[in-house]
Amino acid sequence: MTTIKLHNTRTRKKEVFAPLDPENVRMYVCGPTVYDRAHLGNARPVVVFDVLYRLLRHVYGAEHVTYVRNFTDVDDKINARAAESGRAIGEITAETTQWFLDDMAELGALEPNHMPRATQYIPQMVTMIEDLIAKGHAYEAEDHVLFAVDSWREGYGKLSGRSVDDMIAGARVEVAPYKRNPMDFVLWKPSDQGQPGWESPWGRGRPGWHIECSAMAYELLGESFDIHGGGNDLMFPHHENEIAQSCCAHPQGEFARYWMHNEMLQVEGKKMSKSLGNFFTVRDLLDQGIPGEVIRFVFLSTHYRKPMDWTAEKAREAEDTLSRWYVLTDGVEPEADTLFWVSDALADDLNTPLAISIMHELARNGCAGQLKAAMQLLGFGDAEEINWFRSHSITLGTSSAGDTPLYADQIMPFLQRWQDLRTEKRYLEADKLKNDLEATGLRISNTQHGPHADIPNDFDPAKLEALK
Ligand code: ZN
C-alpha cells in the first residue's frame, strides 16, 4: 500500500499518515460562509483537499473515506447582506450554496460525503455549549456564552504556536467588558427580533462561528478523526478555537490528528483585493471562457503550502497543456499499472507540481494510457471538459466524432499548408505562416498526431479569412 506522508501543522513536521481506522478514514474541511459567489482564493482549499480526498480514496478505497465540509449559513455577514438587499436570509443562503456547488463542480471537485449546514445542527451546538459550561470551560455573561481560554491555558495556542499573552498582544480581539480574558471567544450570542435566533438556556440567540465546526465534526466524525483542513488564514483564531472547544468538551478524544493548511492565493503577484481591482470570482473566470479544469490545473501546478500566484499567462499555458493531453489521450484506455509514479508524488505531502512534471514526461514519451490514468487520479477528464477541449482544438487529419470544432473547415487547409511547407523544407515560409496564424489568435503546435491548432476564445476568424 502507498505510504502517505502529510505535513502536520500541529507538529510542524512531515509525518507518515496512519489513520485511526483504515476502513473509515475521516477528514473535515472548513467550508464557505454562504452570502456571495466564491472568489478564486476560496476555491484553492476546495481543489487542494479534493486531491487529498481522491488520493485517500485511491489508497484506502472509495468506500473507506468520509469527507465532511460544512456550509456556514448563520453569520452576521449573511444578516448584513439580507438587510442591504431586502431579501430573506434563507433565500440568500440557498442560492449561494447552490452557486458554490455548481462552481466547485466546474473545477472538477467531488462532492464531500457530508455537507452539513450550521442551522441544521443548532441543538447539537447548544448541547456542546452546556457541556463546556458544566466542565468549567465556558461562562455566561450578559446573554452571551464565552469560552474561557484561562481554563485551558495548557492547550490554547498550540496549533499556531503562540502563547495566550502573545495572542493578546498581537491580535485584534473584540474587547468587551463582560469578557474575563480578552481572548475569550463567543460560543453563543443574543439575537434581536430582526436577527435569526433559536431558543436556548441563555435566551433567544445564535451560535458563534467556531462552535459549528466542533459540533458538526463531532456528530459526523466522532471525538477523534484523522485530518482537518482549511486555508492558513483559518489557523488562528478559528482552528485554535475549534480545538479548544472540542478537546475541552471531549477530553478523552484527540479531535483532529493531522492538521493541514493551504497557503493563500495572489493574482499577478499581488494580494487579491477589491481596491486593487484584481478581485474576481470563480464564476467570473468561467464566464470569460476559462474552463474549470484550467483553473484546477493552475492551482495544482503550485504546491499547496506555497503561495499560489494566479496569472493569465499560467492559465494560457495550462490550457495549451491540457489541450495537448486531451488530444493525446482521446479514446485511449487508461493504464493504471504504472500509476505509482504519480500517486507516490501525491503521497509525498500532495506534491502536485511533481505529479504534473511526471505527466509532462509521460506526454513527451507518448505514454497516453499512463497519462490518462494519471489525469483521472488528479481529477481531470470530466466528459464535459473533454468536449470543451475537443471543440476548441483541431489536429490535421483527425475527424473527431461528434463535436467538430467551430471553424474546422477554415483552419484545416492552413494546417495542411503548414505541414506541406515543412515537408518541403521551406522552413522560413512555414515559420511565417505559423506567425500569421498565431496573429489570428490560434496557437499552433506540432504534436505526435500532426499539426495542431488550439482555438481560444479570442480567435478572430476574420483575420484568418484575410490570410487566404
Ligand atoms: Zn471550521
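Biologist: The structure holds 14 aromatic pairs. What makes Phe299 and Trp310 one of them, and what is their geometry?

Modeller: The model is predicted, so local features need pLDDT of at least 70 and side-chain atom pairs pLDDT 80 or more, while totals for chains, interfaces and linings use all residues. Residues are numbered from 1 along each chain as its sequence is written, and side-chain values use heavy atoms, without hydrogens and water. The ring centres of Phe299 and Trp310 are 6.4 Å apart, with 80° between the planes. Rings of Phe, Tyr and Trp (its six-membered ring) pair within 6.5 Å; under 30 degrees is stacked, over 60 edge-to-face, the rest tilted. The pair is therefore edge-to-face.

Biologist: Which elements does that pair link?

Modeller: Phe299 is in helix 9 (residues 292–300) and Trp310 in strand 13 (residues 308–310), 11 residues apart. Helices (H or I, at least four residues) and strands (E, at least two) are DSSP runs, numbered from the N terminus. Elsewhere, Phe17, Tyr60 and Tyr258 form one aromatic cluster.

Biologist: How do you know that the charged end of Arg422 sits over the ring of Trp418?

Modeller: Its distance from the ring centre is 4.6 Å. The rule asks for NZ of Lys or CZ of Arg within 6 Å of the centre and within 35 degrees of the ring normal. Arg296 likewise lies over the face of Phe380, at 5.8 Å.

Biologist: Why are strands 12 and 13 called edge strands?

Modeller: The open sheet has 3 strands in the order 12-11-13, with mixed pairing. Strand 12 (270–271) and strand 13 each have a single partner strand, so one side of each lacks a neighbour in the sheet.

Biologist: What makes strands 11 and 13 a pair?

Modeller: 3 bridges join strand 11 (residues 265–267) to strand 13, in parallel; pairing takes at least two DSSP bridges. In one of them, Leu265 is partnered by Met308.

Biologist: Which atoms coordinate the zinc ion?

Modeller: Cys30 (SG), Cys213 (SG), His238 (NE2) and Glu242 (OE), at 2.1 to 2.2 Å. Donors are N, O and S atoms within 2.8 Å of the metal (3.2 Å for Na, K and Ca); water is absent, so sites may look incomplete. Cys30 and His238 stand 208 residues apart.

Biologist: Why is this arrangement called irregular?

Modeller: The angles run from 78 to 131°. Four donors are tetrahedral if all angles lie between 85 and 135 degrees; four are square planar and six octahedral if opposite donors are over 155 degrees apart and all others between 65 and 115; anything else is irregular. The site therefore counts as irregular.

Biologist: Are Cys30 and His238 buried or exposed?

Modeller: Cys30 has 11% relative accessibility and His238 1%. Buried means under 20%, exposed over 50%, partly exposed in between (1.4 Å probe, protein chains only). Cys30 is therefore buried, and so is His238.
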